[in-house]
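Visitor: I have a model open on my screen and would like to learn to read it. Could you take me through it, feature by feature?

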Amino acid sequence: DLQWHIANTDIVGCVSALERIFQSDRLTGISKDHLKVVLLGGGAMMKTYSVALNLCFEKNDHKPDVTVWTRAELEKPLPQQLVQGRGQTPPVSCLLLINTLPCGTSAAADENALRALHALDASSATHQKIYLDVGYLKSNTK
């Protein structure tokens, strides 16, 4: 009938990845009430993970503290307030860093992700730290 039917599997994949993290044995005993999430990047995958986080926590009274670090912010020295957060924040029991930068496609993207990872690691005494990397690998599609 020449009609378009559209489906987006990115949200389903992102929600699935987050649910696997939040339900893993590694988080047993960790209070998800004090979850800090840092999203690296400012493109479509960052927005997709933002929506996925909202879906994962839509029925939860406590939402994670979500911060976005864009590529532009990562290309200059990271200000202290960016690393530590702005104002008074509750204690963090789990830090989740979601890298949506196109690592593997440029040296700059790889370097920015490492700088963010090292800055968070050095500034956070958080018990549990999880790094989720969204892969961008060149592939041949035919």
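Visitor: Which strand is Cys-94 found in?

Guide: Cys-94 sits in strand β3; strands here are DSSP runs of E, at least two residues long, while helices are runs of H or I of at least four residues, both numbered from the N terminus. Before we go on, note that this is a predicted model, where local features need pLDDT of at least 70, side-chain atom pairs count only at pLDDT 80 or more, and totals for chains, interfaces and linings use all residues. Residues are numbered from 1 along each chain as its sequence is written, and side-chain values use heavy atoms, with hydrogens and water left out.

Visitor: Is Cys-94 buried or exposed?

Guide: Buried means under 20% relative accessible area, exposed over 50%, and partly exposed in between, using a 1.4 Å probe and protein chains only. Cys-94 has a relative accessible area of 3%, so it is buried. Cys-94 and Lys-36 are 58 residues apart in sequence, yet their C-alpha atoms are 6.3 Å apart in space.

Visitor: How do I read strand pairing, and what is the bridge partner of Cys-94 in β4?

Guide: Strands of a sheet pair through backbone hydrogen bonds, either parallel or antiparallel. Two strands count as paired if DSSP finds at least two bridges between them. Here β3 (residues 94-99) runs parallel to β4, and six bridges join them. Gln-128 is the β4 partner of Cys-94, and Tyr-131 is the β4 partner of Leu-97.

Visitor: What is the order of the strands in the sheet?

Guide: The sheet is open, with four strands in the order β2-β1-β3-β4 and parallel pairing. β2 (65-69) and β4 (128-133) are at the edges with a single partner strand each, so one side of each has no neighbour in the sheet. From one strand to the next, the twist averages 15°.

Visitor: And how is β1 placed?

Guide: In β1, six of the six residues are buried, so the strand is largely enclosed by the rest of the structure. Leu-35, Val-37 and Leu-39 point one way, while Lys-36, Val-38 and Leu-40 point the other, and all are buried. Six bridges pair β1 with β3 in the parallel sense, and five join β1 to β2, also parallel. On the β2 side, Leu-40 stands opposite Trp-69.

Visitor: How does the chain cross from β1 to β2?

Guide: It passes through helix α2 (residues 44-56), forming a right-handed β-α-β crossover. Right-handed means that, with the strands pointing away from the viewer, the path from the first strand over the helix to the second runs clockwise.

Visitor: Which strands does helix α1 lie across?

Guide: Contact means heavy atoms within 4.5 Å. Angles run from 0 to 180 degrees between N-to-C directions, with axes fitted to C-alpha atoms, for helices over the stretch in contact. Helix α1 (residues 10-22) lies across β1 (35-40), β3 and β4, at about 155° to β3. Helix α5 (residues 107-123) also packs on the sheet, where it touches β1, β2, β3 and β4 and makes about 175° with the direction of β3.

Visitor: What does Asn-112 touch?

Guide: Asn-112 belongs to helix α5 and is buried, with a relative accessible area of 5%. Leaving out residues up to four places away in sequence, Asn-112 touches Arg-71, Leu-74, Glu-75 and Leu-101.

Visitor: Which residues form the covered face of β4?

Guide: Gln-128, Ile-130 and Leu-132 form the covered face, while Lys-129, Tyr-131 and Asp-133 form the uncovered one.

Visitor: Where is confidence lowest in the chain?

Guide: pLDDT is the predictor's confidence in each residue, from 0 to 100. Confidence is lowest in helix α4 (residues 80-84), with a mean of 53, and highest in α2, at 91. The chain has a mean pLDDT of 77, and 73% of its residues reach 70 or more.

Visitor: How many helices and strands does the chain have?

Guide: There are five helices and four strands, running α-β-α-β-α-α-β-α-β from the N terminus on. Of the 142 residues in the chain, 37% are buried.
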